[in-house]
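Welcome! Please take a moment to look over the sequence and the 3D view below before reading on.

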Amino acid sequence: MIGLLCFVLAVLASPFKSKLRLEAENAALRHQLIVLRRKLHGRVRLTNDDRWFFIQLYRWFPSILQVLTIIRPETLVRWHRAGFRRYWRWKSYPREGGRRSTPNCAR
């Protein structure tokens, strides 16, 4: 009964959502169907491309967390934060060049 009520409320609210947001939700739902069809036995296996797709959608439209069913929203946020950390770790890594280190000299 509660599920039906939520569905009716979602249908009534959908004309007020932006077109891009609805397209993002549709893309997320379609991609989840593709992943579920690819599943053989047991757990769903997500490839790195699947993770990248969901993370990009989350970056542009954070509201897609409401429509994700095959992964928990916390998992998607964790992937996004891990990628962000990896990027800044790579960005701040000292490259060749700059000042050379000097050996410790005994005075």
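Please keep in mind that the model is predicted.

**The helix pair**

Two packed helices are described by the angle between their axes and the distance between the axes. Here helix α2 covers residues 19-38, and helix α3 covers residues 48-60. The two pack at an angle of about 165°, and their axes are 11 Å apart. Angles over 145 degrees count as roughly antiparallel, so α2 and α3 are roughly antiparallel to each other. The crossing of α2 past α3 is left-handed.

Which residues make the contact? From α2 come Ala24, Ala27, Ala28, His31, Gln32, Val35 and Arg38, while α3 brings Asp50, Phe53, Phe54 and Leu57.

| Residue | Helix | Relative accessible area |
|---|---|---|
| Gln32 | α2 | 3% |
| Asp50 | α3 | 3% |

Buried means under 20% relative accessible area, so Asp50, with 3%, is buried. Gln32 is likewise buried, with 3%.

What surrounds Asp50? Leaving out residues up to four places away in sequence, Asp50 touches His31, Val35, Arg38 and Arg45. With one of these, His31, the side chain of Asp50 makes a side-chain polar contact of 2.9 Å.

Gln32 sits in α2. Again leaving out residues up to four places away in sequence, Gln32 touches Phe54, Val67, Leu68, Thr69 and Ile70.

Definitions and conventions. Residues are numbered from 1 along each chain as its sequence is written. This is a predicted model: local features need pLDDT of at least 70, side-chain atom pairs count only at pLDDT 80 or more; totals for chains, interfaces and linings use all residues. Side-chain values use heavy atoms; hydrogens and water are left out. Helices (H or I, at least four residues) and strands (E, at least two) are DSSP runs, numbered from the N terminus. Buried means under 20% relative accessible area, exposed over 50%, partly exposed in between (1.4 Å probe, protein chains only). A polar contact is a pair of N or O atoms within 3.5 Å; within protein, one must be able to donate a hydrogen and the other to accept it, and residues adjacent in sequence count only if both atoms are side-chain atoms. Contact means heavy atoms within 4.5 Å. Axes are lines fitted to C-alpha atoms, for helices over the stretch in contact, and angles run from 0 to 180 degrees between N-to-C directions. Angles under 35 degrees count as roughly parallel, over 145 as roughly antiparallel, 65 to 115 as roughly perpendicular and the rest as oblique. A crossing is left-handed if the near helix is turned anticlockwise from the far one by less than a right angle, and right-handed if clockwise.
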